[in-house]
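Trainee: I've never looked at this one before. Could you walk me through how to read it?

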Amino acid sequence: MIATSNITMRFGKDALFEDVSVKFTPGNRYGLIGANGSGKSTFMKILTGQQQQSEGEVVIGNDCTLGYLRQDHAAFDEFSIIDTVYQGNPELWKIHCEREYLYNKDELTDEENDRCGHIEDEFGEAGGYTMESEAATLLVGLGFTEDLFEQNMTVLQGGFKLRVLLAQVLFGQPDILLLDEPTNHLDMESIEWLVDLLKRYTGTLITISHDRFFLNQVCTHIADLDYHEIRMFPGNYDDFTIAALDAREQQEKANKKVEKQANDLKAFISRFSSNASKAKQATSRKKQLDKLEVTKIKPSSRVSPFIRFNPKNRLGDKVIEAKDLSKTYDEVLFKDFSCTIGPEERVAIIGKNGIGKTTLLKILCDELKSDTGSIIFGETVEIGMFPQDTADLLDPAVSALEWLGRFGDGEYNEVELRSFMGRMLFRGEDVLKKVGVLSGGEKARLVISKMTMEGGNVLALDEPTNHLDLESIEALNFGLSLFPNTLLFVSHDHRFIATLATRILEVTETGIIDYPGTLDDYEAMKRNRK
């Protein structure tokens, strides 16, 4: 069990949250959600003791162990990958290190010999004889091959380091498990593996995530950080959205009823207060009016962007024809792949991380040359592109407004540019921020502003949900669902793919599978083949 008592966090005069008292109990899995900047990560850091709250206290149950997903990617660079995982269980790691030291020493003292007689029992009781297989199971589930286990952590890029740190915290089997965006940098297969693992977890889980599929599959409760407080809802993310909307609608209806009653009472009092025969009734109505109270509905910190992609020019019947595509770097990614993509198709490119999804998308959009074959576009095709890495597109030295003004062939004045940005939640002076200081979510929304302004009639997006909050993801999802033309996208977001794709291209080690159907149909087909 972990609980907070009257937790408040202030930065200067501004409060992220105030007097938060909430209890997280064993056997339940909580999704901690809220708008960007609402304080989710700060609250998580307070629970782990990494940040000191302004007021209140955190209470952890007696003898409960707490594990959290670390974000300090370089902290274990001197260790091998599997040794980093072992350190998720500090007691076992300490015994393991001592045991290795003793057994690798040429000569032992009498005291050390005596210690050898006892350390095996301690090692076994701590789980030492199964530690290798348990760590290996976690690493394989997260996409690592056995040849990497003894490699140093420095051979990994940030996304794969995060996977090792996730395996580390899971290896410790803590009573309380805190995960901040655990699905970041995971492909669909690894996310589904993690979902299955967490469903079997019997302790207390608190996780922050913007992955709706993950929240729906894993969570038994939603802890909503909004209005500077945390409200608890039973059920998963979809249950929460329905319950929160219902609660707000009921409150609004109740307020309207109270307002109507108040207006009726005011009218009676105004009409009859000077009438001697009705004076007593008017006084009674006045007392009733004084007791009426309209419950103030607090403004939510959640704000959704308005995303609509309106093609400027008509798209013809011919869109993309790919013939005999191949690409090799150190290894062959794919070869001799051909396909024809039509004017209303919604093509999701899926597969494991590093398998070549982005490469395929870039080749199909003629952003990257294929080693063999050709790409032929229809004469009317105008592609709007969202890159996975926005660094090559964005200029950090200029303001967001100035950067956006570089596009659109000078068609738009400053007022119109601000309007495009306003729909993406850039308010007032926000448009004058340097691009280099924008958050990941702001940069993503700025690129989407460019796409909506340019009005491409074919859209290509590479991992567009990576830095967006739940509200922005849902707005993007809805906006793309209304787009009438060809859509190509790379994503690991299960729900995003399931609600948009009408065709699946899965990049695998043995080639590209081209499936003419939805994600649900494709997954059902794969299950039936097993």
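Predicted model: local features only at pLDDT ≥ 70, side-chain atom pairs only at ≥ 80, totals over all residues.

Trainee: Which strand holds the bridge partner of Ile350?

Mentor: That's β17, where the partner of Ile350 is Glu506. Strand β17 covers residues 503-508, and its pairing with β12 is parallel, over four bridges.

Trainee: How do I read the two faces of a strand, and are those of β12 covered or open?

Mentor: The general idea first: side chains in a regular strand alternate between the two faces of the sheet. In β12, Arg346, Ala348 and Ile350 lie on one side, Val347 and Ile349 on the other, and all are buried. Since five of the five residues are buried, β12 is largely enclosed by the rest of the structure.

Trainee: What about the sheet with β1 in it: in what order do its strands come?

Mentor: The order is β2-β1-β4, in an open sheet of three strands with antiparallel pairing. The edge strands are β2 (14-24) and β4 (55-60), each pairing on one side only. On average, neighbouring strands here are turned by 15° against each other, direction ignored. Strand β1 (residues 2-11) pairs with β2 over seven bridges, and Met9 stands opposite Phe17 of β2.

Trainee: Now helices. At what angle do α13 and α14 pack?

Mentor: To describe two packed helices, you give the angle between their axes and the distance between the axes. Here, α13 (residues 414-423) and α14 (residues 440-454) pack at about 125°, with axes 9 Å apart. That angle makes α13 oblique to α14. Their crossing is right-handed.

Trainee: Which residues make the contact?

Mentor: From α13, you have Leu417, Phe420 and Met421; from α14, Leu446, Ser449, Thr452 and Met453. By class, that contact has five nonpolar, two polar and no charged residues.

Trainee: One more: how many residues of helix α1 are buried?

Mentor: Seven of the nine residues of α1 (residues 40-48) are buried, so the helix is largely enclosed by the rest of the structure. The buried ones are Lys40, Thr42, Phe43, Met44, Ile46, Leu47 and Thr48.

Terms used. Residues numbered from 1 in each chain as written. Heavy atoms only, no water. Buried < 20%, exposed > 50% of the residue type's maximum accessible area, 1.4 Å probe, protein only. Pairing = 2+ DSSP bridges. Axes fitted to C-alpha atoms, helices over the stretch in contact; angles between N-to-C directions. Parallel < 35°, antiparallel > 145°, perpendicular 65-115°, else oblique. Left-handed = near helix turned anticlockwise from the far one by under 90°. Contact = heavy atoms within 4.5 Å. Nonpolar A, V, L, I, M, F, W, Y, C, P; charged D, E, K, R; others polar.
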